[in-house]
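Please consider the sequence together with the structure shown here.

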Amino acid sequence: MNSFWTSVLWTLVGAAISAVVTFFLTKRHFEKELREHPPVTEKQIRAMYMSMGRKPSEAQIRQTMKAFKQNG
């Protein structure tokens, strides 16, 4: 009976360790993907302004990118 509870305990410890390691590996991978492929690019912002009938200045594009980074 004692070996049963020992095996249950080791199974739970292994599952907990696996969950923690998986969490950190997934988080690191997700952050890397966001760095390499940002959700919004300057080209997309330029297209957004053009679709509204405006020709944006570089300052407006940089300001919009900064706002996306602060709020995103």
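Buried means under 20% relative accessible area, exposed means over 50%, and partly exposed lies in between, with a 1.4 Å probe and protein chains only. By this rule, buried residues account for 8% of the 72 residues in the protein. The model is predicted, so that local features need pLDDT of at least 70 and side-chain atom pairs count only at pLDDT 80 or more, while totals for chains, interfaces and linings use all residues. Residues are numbered from 1 along each chain as its sequence is written, and side-chain values use heavy atoms, with hydrogens and water left out.

The protein contains 3 helices and 0 strands, where helices (H or I, at least four residues) and strands (E, at least two) are DSSP runs numbered from the N terminus. The C-alpha trace spans about 75 × 20 × 20 Å along its principal axes.

A search of the whole structure finds 2 salt bridges, each being a side-chain nitrogen of Lys or Arg within 4 Å of a carboxyl oxygen of Asp or Glu.

| Salt bridge | N to O distance |
|---|---|
| Lys 32 and Glu 36 | 3.8 Å |
| Glu 58 and Arg 46 | 2.9 Å |

Lys 32 and Glu 36, by contrast, both lie in helix 1 (residues 2-36), 4 residues apart, or about one turn of the helix. Lys 32 is partly exposed at 38% relative accessible area, and Glu 36 is partly exposed at 46%.
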